[in-house]
Amino acid sequence: MLGWGVWFVSLIENNQVIGDIGFKGKPDSQGTVEVGFGFIPEMHNKGIATESVGAIIEWALSSRKVKKIVAECLIDNLPSIKVLEKLKMTRTGITNGMINWEILNDPNC
């Protein structure tokens with residue numbers, strides 16, 4: 001299945017790679033897929049991560065195979081926490097110093 005891997009994010013004006021976004025594999029048998037992302041610190045607080053990750057979440061949720069998207073980040077990773085909150089992901093718990101997040105696919109949308 002194409003698209004369920006990792007993509008580089010680059011600036012339009014100079015093609016500089018500033019981060020990566022993607023999924024940690026295709027949806028599993030329950031329809032769950034994990035999203036991940038990382039950006040260079042100079043790109044934090046510019047909305048780029050929120051826009052990029054939001055776009056791939058929207059793409060994944062358009063698939064009938066996806067029932068839930070999950071993510072995790074360190075409990076002190078404030079930039080990632082801000083991104084996941086802006087994307088309306090819900091905190092589901094903390095495991096081994098990582099905050100767990102999820103967003104469900106609403107079949108009525």
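A nonpolar core here is a set of buried Ala, Val, Leu, Ile, Met, Phe, Trp, Tyr and Cys residues joined through side-chain atoms within 4.5 Å, and buried means under 20% relative accessible area. Keep in mind on this tour that the model is predicted.

**Stop 1: the core.** Select I69, M89 and W101, which have the most contacts inside the largest nonpolar core, a set of 28 residues. Next, colour β2, β3, α1, β4, α2 and β6: these are the elements that give two or more residues to this core. Which of them gives the most? That is α1, with six residues.

Now centre the view on I69 and show its surroundings. Leaving aside residues up to four places away in sequence, I69 touches V33, V35, I57, A60, L61, M89, W101, E102 and I103.

**Stop 2: the sheet.** Switch to a cartoon view and follow the six strands, which form an open sheet in the order β1-β2-β3-β4-β6-β5, with mixed pairing. Select 6-10 for β1 and 90-95 for β5: each of these edge strands has a single partner, so one side of each is left without a neighbour in the sheet. From one strand to the next, the twist averages 25°.

Zoom in on β1 and its partner β2, residues 17-23, where five bridges join the two in the antiparallel sense. Pick V9 here, and you will find G19 of β2 opposite.

**Stop 3: helix α1.** Select residues 48-61. This helix, α1, packs on the sheet and touches β1, β2, β3 (32-39), β4 (68-74) and β6 (98-104). Look along β2 as well: the direction of α1 makes about 25° with that of β2.

**Stop 4: helix α2.** Select residues 78-86, and you have α2, lying across β3, β4, β5 and β6 and running at about 160° to β4. Show the side chains of S80, I81, V83 and L84, which are buried. They cover an arc of only 160° around the axis, which puts them on the same side of α2. Among the elements that cover the buried residues of α2 are β3, α1, β4, β5 and β6. Turn to the other side of α2 for L78 and K86, which are exposed.

Finish at the two ends of α2. At its start, select N77: a side-chain oxygen of N77 comes to within 3.1 Å of the backbone nitrogen of S80. Following α2 is K88, with a positive phi near 65°.

Methods. Residues are numbered from 1 along each chain as its sequence is written. This is a predicted model: local features need pLDDT of at least 70, side-chain atom pairs count only at pLDDT 80 or more; totals for chains, interfaces and linings use all residues. Side-chain values use heavy atoms; hydrogens and water are left out. Two strands pair if DSSP finds at least two bridges between them. Helices (H or I, at least four residues) and strands (E, at least two) are DSSP runs, numbered from the N terminus. Axes are lines fitted to C-alpha atoms, for helices over the stretch in contact, and angles run from 0 to 180 degrees between N-to-C directions. Contact means heavy atoms within 4.5 Å. Buried means under 20% relative accessible area, exposed over 50%, partly exposed in between (1.4 Å probe, protein chains only). The arc is that of the directions from the helix axis to the C-beta atoms. A polar contact is a pair of N or O atoms within 3.5 Å; within protein, one must be able to donate a hydrogen and the other to accept it, and residues adjacent in sequence count only if both atoms are side-chain atoms.
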